Amino acid sequence: MSLSTLTKPWEAMSYGFLDGSAKRELRRKMLKSVAVPGCQMPYASREVPMARGWGTGGLQVSLTLVNPQTRVKVIDQGADDSVNAASIRRFIARVAGTPTTMDTLDADLIQSRHRIPEEILREDQVLVLQVPNPEPLRPVQPNTSIARQMHADADYGRMWLQLYEQIVRSGRVMQGASYPSLVHGRHVMTPSPIPRWDVPKLHMAKHLTILSAGREKRIFAVPPYTRVEPLVFSDVPYKVEEHGALTCTRSGTTGFFMNEIPQDDGSSAFEVSDSEWGVKTIRARDGEGESRGETWYKDGEMPQ
Amino acid sequence: MTLTLDAPRIVETRPLLEVHGVSKAYGPVQAVRNVSAHAYPGEVLGIVGESGSGKSTLLRMMNLEEIPEDGSYTLDLPDVSGNLFELDRFARRMLCATKIGIVYQNPHLGLLMKHSSSGNVAERLLVAGERSFATLRAAATEALDASEFPLDRLDAPPIELSGGMQQRVQLAKAIALEPALLLLDEPTTGLDVSVQALVLDTLKRLQQDRHITMVIVSHDLGVIRTLADRVMVMRRGEVVETGLADQIFQDPQHPYTQQLVHAKL
Amino acid sequence: MTVLDIQGLTKGFSLHHLAKDIPAFEDISFRVAAGEFVLLKGANGAGKSTLLRTLYRSYLPLSGEIRFHSSHGLIDLARAADVDVAHLRRTEIGFVTQFLTARPRVSAEAIVAEPLRLAGWEPEAALDAARKALATFGVKPDLWAAYPTTFSGGEQQKVNLARALILPQKLLMLDEPTASLDANARAALVARLQELKDQGTAMIGVFHHPDDVMHLIDRVVDLTPDAAPQEERDDVAL
């Protein structure tokens, strides 16, 4: 036995950029977060060649989960072709040799910033969400130590107080993105800044969702088939954005979450936020074949 | 010397609140030394003493904010048993939220100053698990009304309110869940005399209408005289004298109590 | 039937800051039966009011016994627990003073109804009884809902009497209740006292002008030191 048989030959970089111990820690923390759905697990959060706050949390999870066969899709606010999404996708492919795709149905792993694709994800798919602020209690309890005690005690009264205040002041719940939700009836989490439209997609979803905040060094998860319930008053129902009746000006698709494009005359045009869904719709319209999968929303409504 | 009093013979109910032999030191300062106190259901116990006498520390113990080194604390209520100082954090929080109300001298301690007044009251019910907006709204309105808070200011944040109004919000919050025990820490200190009278009157009314057991701490003898049935005099962390309120004020026994009573204008 | 049996009662005050003991009365003994009216007599400072307050336990006696035959059995008020005394004050022992302790923003009828409320009466029934009592003492109906803090001394005293006498008690202490009363109110007071007396209330009173209650008095106790402890009513020299 010699040193050369015990060690691997020198390489310029580990597979998937992160070193073995970093990935081992992340795997353990992911397992823990799957075991206690919605509960934030601290992790070390290594340096990656990207600024904190640009998706480093999601990137570390993706780099840990991929193998050379994993087909990776990266989206930023629904779009596959934004600079940030393209850069992350290229980086993962370069350091892990993974194939990439833009098609939601083809992907094994989807890293996303602020959206969940409109097509239903399957059991064999993993969604990785980038999280800027993982602590739902921060607006009501700035002291992190006390906030952790509150999670431990399921002391969430203040979260409803926040909603109460919004209704009293504005006549309705004003919380848009990051709508606090109760996971598995126990922990309140922030589902990352996805719109209200996307929160119901997490409820009893077939896929695994891992949420990771690189700057804040926290990881949490929604395992497959887990209850995710937005916090609401029993007599004030949860409402998603009123996008159900909007039509995309480019693809003509209706009943999905839209981006609003202000026009010169002061009016607004709408474009479907899930860019690949738009592309697929256009292809179908132009006779290039139907590639669209089943969607969570049907005719602009989320079936119960 | 006067006579030693017997144990109660006519009143057979147990005291609602019993604190026995509590002591607490902050570093070298002995804030409370071997103090015992009790209050019967519907009774108002007044605790007087100068600053540093340990009266506020004792009250904070009754609210389980402060855990003494020694001693026991019991409340004679259904589903409540044992020494409350031994409860874990979770049980303590639920007990305080549902059975005990408190009004602090400093409204900042008891209120979220930038939330709405009604929201401050509703929070108590939220902690206890109420999740209907309409119920929260109705209960907050009712409690604020009972505290004689002007209902057109229901959603004004306490930071915009006068001191007297802030105390009413605290009071409404304290009584919203109909607690068995209401703790008052210098509830009128720092208020104008006329506002003070109104707050005292509200307290008196609540006591008569709801028969809540109260413990009120004050260095203001006028406040204690107006509200208390029985008075406990504290000095340097110890109880020097207890008695019926009129007896303490008209026939104080201990030199310190005499000094205190005679110093009153 | 004896209601109160006072044995060797002594009271004095220790003023610690003057390092002085001030005696009030010493070794007082007498009994009061149900329906009996006892007048306390004595020079100023003989301790008449002090004795009443000691019996009511506003003052703590130095020694002796105050044996009260309560509906719960015999109890020594000199040694009874505070909570027992408080209970008896709500239910069996009354005290009529010269002054009303009015509270801001509490109406006359509410003040009068208070003892009934504390004794467990329903709010409406208590208010009805309170209004009747106020009428008996000659308080005009338009004042019933007003705040007595603004009343004249005489009107305040009427409210005070209505309140103190509304609930029939087993034992009633009267500390110069006729002071500042007009003739009509005085007559109403005497009538009410007679009524309570007939119902069996034992009374101990201090009066500046006992003429008002002359025909109620059964016995006189003279607190002047060295005076005969009990005199028959006929011997009173007025």
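Two strands are said to pair if DSSP finds at least two bridges between them. With that criterion in mind, I turn to the structure above, which is a predicted model.

I begin with the sheet in chain A. Strand β5, residues 181-183 of chain A, is joined to β6(A) by three bridges, and the two strands run antiparallel. One of the positions concerned is A:Ser181, whose bridge partner in β6(A) is A:Met189. The sheet as a whole is open and has three strands, in the order β6-β5-β9 of chain A, with antiparallel pairing. At its edges lie β6 (187-189) and β9 (228-230) of chain A, each of which pairs on one side only. From one strand to the next, the twist averages 35°.

Next, I consider a pair of helices in chain A. Helix α2, residues 20-35 of chain A, and helix α3, residues 56-65 of chain A, have axes that come within 9 Å and cross at roughly 100°. The two helices, α2(A) and α3(A), are therefore roughly perpendicular. In their contact, α2(A) contributes A:Lys23, A:Leu26 and A:Arg27, which meet A:Gln60, A:Val61 and A:Thr64 of α3(A). By class, this contact has two nonpolar, two polar and two charged residues.

Finally, I come to the two chains. Here 17 residues of chain B are in contact with 13 residues of chain A. On the side of chain B that touches chain A, α2 (89-99), α4 (117-127) and α5 (133-146) of chain B each supply at least two residues. The largest share, six residues, comes from α4(B). By class, that side of chain B has seven nonpolar, five polar and five charged residues.

Definitions and conventions. Residues numbered from 1 in each chain as written. Chains lettered and ligands numbered in written order. Predicted model: local features only at pLDDT ≥ 70, side-chain atom pairs only at ≥ 80, totals over all residues. Helix = DSSP H or I, 4+ residues; strand = E, 2+ residues; numbered from the N terminus. Axes fitted to C-alpha atoms, helices over the stretch in contact; angles between N-to-C directions. Contact = placed C-beta atoms within 7 Å. Nonpolar A, V, L, I, M, F, W, Y, C, P; charged D, E, K, R; others polar. Parallel < 35°, antiparallel > 145°, perpendicular 65-115°, else oblique.
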